[in-house]
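Here is a short tour for anyone who likes to read a model side chain by side chain. Have the viewer open and follow along.

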Amino acid sequence: MDNKVELRVLNISNSQLQANAFALVLEEVNGPRQLPVIIGSIEAQAIALKLKGLTTPRPFTHDLFVTFAEYLQTRLTQVFIYKARDGIFYSYLYFEKEDGESFKVDSRTSDAVALALRFGCPIYTTEEILSAEGYIPEVEDEKDESEMYCETIESLKESLSQAIKDEDYELASELRDEIKRIEEEEKRLNQ
């Protein structure tokens with residue numbers, strides 16, 4: 001694949017298109033284009049927690065998967081978003097075993113990104129997908145820090161509500177503390 005384009009996670013925000021969904025925005029590493037991917041709340045929570053450097057007292061499924069892969073002496077080397085159809089993105093996970101054997105596994109893109117963040121591996125797509133599904137943000141679309149702050153707090157509050165609904169009180173406590181820390185930091189910076 002000589003037309004691979006590397007992406008990185010830019011942010012996660014509430015989806016304007018679907019209720020109870022989030023927009024994962026990936027951006028081109030060496031360019032201006034962005035690729036929005038609609039994902040569910042659980043995957044958004046897993047990605048947001050990793051982006052914020054938060055750990056949970058009990059492992060999420062993606063963390064459990066990393067532990068399992070490490071036990072089997074296997075590592076994720078890259079994620080490749082290979083197809084987009086009707087707003088759904090399809091990805092491959094490329095693994096390599098300690099003995100050099102490599103293999104790929106089909107995956108939902110939201111799970112693939114959550115795993116890529118945990119393994120620290122690159123995310124790629126094709127030039128065709130990025131051209132067809134991506135966009136270049138206009139200057140007025142760029143968010144200032146206060147807008148990013150509002151999205152981050154809103155995302156954490158929704159994750160907190162979901163954790164309470166799931167009766168995951170340890171995670172809820174961590175999210176509550178993180179929200180409080182961010183709000184206090186914002187107040188301190190605005191004084």
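Helix H3, which spans residues 109-119, is where Ser 110 is found. This is a predicted model. Is Ser 110 buried or exposed? Its relative accessibility is 8%, so Ser 110 counts as buried, the cut-off for buried being under 20%. Leaving aside neighbours within four places in sequence, Ser 110 is in contact with Ile 39, Glu 43 and Ile 47.

After H1 comes Gly 53, with a positive phi near 75°.

## A cluster of tyrosines

The structure holds five aromatic pairs. One of them joins Tyr 82 and Tyr 90, a tilted pair with 6.3 Å centre to centre and 50° between the planes. Tyr 82 counts as partly exposed because its relative accessibility is 23%, and Tyr 90 is partly exposed with a relative accessible area of 24%.

The ring centres of Tyr 92 and Tyr 94 are 6.2 Å apart with planes at 80°, so this pair is edge-to-face. Ring pairs link Tyr 82, Tyr 90, Tyr 92 and Tyr 94 into a cluster.

## Lysines over rings

Do look at Lys 104, which lies over the face of Tyr 92, at 4.0 Å from the ring centre. Lys 4 lies over the face of Tyr 124, at 4.4 Å from the ring centre.

## A nonpolar patch

Phe 68, Tyr 71 and Leu 72 make a nonpolar surface patch of about 390 Å². Phe 68 is found in helix H2 (residues 61-71) and counts as exposed because its relative accessibility is 53%.

Note on methods: Residues are numbered from 1 along each chain as its sequence is written. This is a predicted model: local features need pLDDT of at least 70, side-chain atom pairs count only at pLDDT 80 or more; totals for chains, interfaces and linings use all residues. Side-chain values use heavy atoms; hydrogens and water are left out. Patches are made of residues with over 30% relative accessible area and no salt bridge: like charges are joined within 9 Å, nonpolar side chains (Val, Leu, Ile, Met, Phe, Trp, Tyr) within 5 Å. Accessible areas come from the Shrake-Rupley method with a 1.4 Å probe; for residues, only the protein chains shown count as cover. A salt bridge is a side-chain nitrogen of Lys or Arg within 4 Å of a carboxyl oxygen of Asp or Glu. Helices (H or I, at least four residues) and strands (E, at least two) are DSSP runs, numbered from the N terminus. Buried means under 20% relative accessible area, exposed over 50%, partly exposed in between (1.4 Å probe, protein chains only). Contact means heavy atoms within 4.5 Å. Rings of Phe, Tyr and Trp (its six-membered ring) pair if their centres lie within 6.5 Å; planes under 30 degrees apart count as stacked, over 60 as edge-to-face and the rest as tilted. A charge sits over a ring if NZ of Lys or CZ of Arg is within 6 Å of the ring centre and within 35 degrees of the ring normal.
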